[in-house]
Amino acid sequence: MYKHVLLSLLNHLAEHMKACGLWSLTPICDSTLHQAMTQGVPFACNVMTFEQWLQFVFIPKMTIIIESDAPMPNALCLLPAAEGQFCSKTHNGVLQIIADIDAQFASGVENK
């Protein structure tokens, strides 16, 4: 059940990012995406912004994991990084959804 809720939250996150102007209409180049996926730097902060990481790495990867019923990651704590990147007044909806994703993920992992 919690995977269904997580998938819904991922969709809401994308919608709110678009509404806040945080969603890029230009695809990220393949070499940047490859670096993000292989270098192991948290949130790929050395090659992309946090919102790019959410859009091009986190949302697609989590969607694939959920839809394929693959094992979920052992830990997820996005809110501190998001709070460091986004203004709470301007991006409150995005921050709330990220907080909800963290909370839902934690409750799902605890109930395994």
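The protein chain of this predicted model has an average pLDDT (the predictor's confidence in each residue, from 0 to 100) of 86, and 95% of its residues score at least 70. Local features need pLDDT of at least 70 and side-chain atom pairs count only at pLDDT 80 or more, while totals for chains, interfaces and linings use all residues. Residues are numbered from 1 along each chain as its sequence is written, and side-chain values use heavy atoms, without hydrogens and water.

Helices are DSSP runs (H or I, at least four residues) numbered from the N terminus.

| Element | Residues | Mean pLDDT |
|---|---|---|
| Helix 2 | 30–38 | 79 (lowest) |
| Helix 3 | 50–67 | 93 (highest) |

Helix 1 (residues 2–19) and helix 3 have axes, fitted to C-alpha atoms over the stretch in contact, that come within 10 Å and cross at roughly 155°. Helix 1 is therefore roughly antiparallel to helix 3 (angle over 145 degrees, between N-to-C directions that can span 0 to 180).

The largest pocket holds about 320 Å³ of space, a volume filled by probe spheres set on the grid points. Its 18 lining residues include Phe 43, Trp 53, Val 57, Phe 58 and Lys 61, the closest to its centre. A pocket is an open set of points on a 1 Å grid where a 1.4 Å probe fits, with protein on both sides within 12 Å along at least five of seven lines; lining residues have an atom within 4 Å of a point. Helix 3 gives the most to this lining, with six residues.

How values were computed:
Helix = DSSP H or I, 4+ residues; strand = E, 2+ residues; numbered from the N terminus. Parallel < 35°, antiparallel > 145°, perpendicular 65-115°, else oblique.
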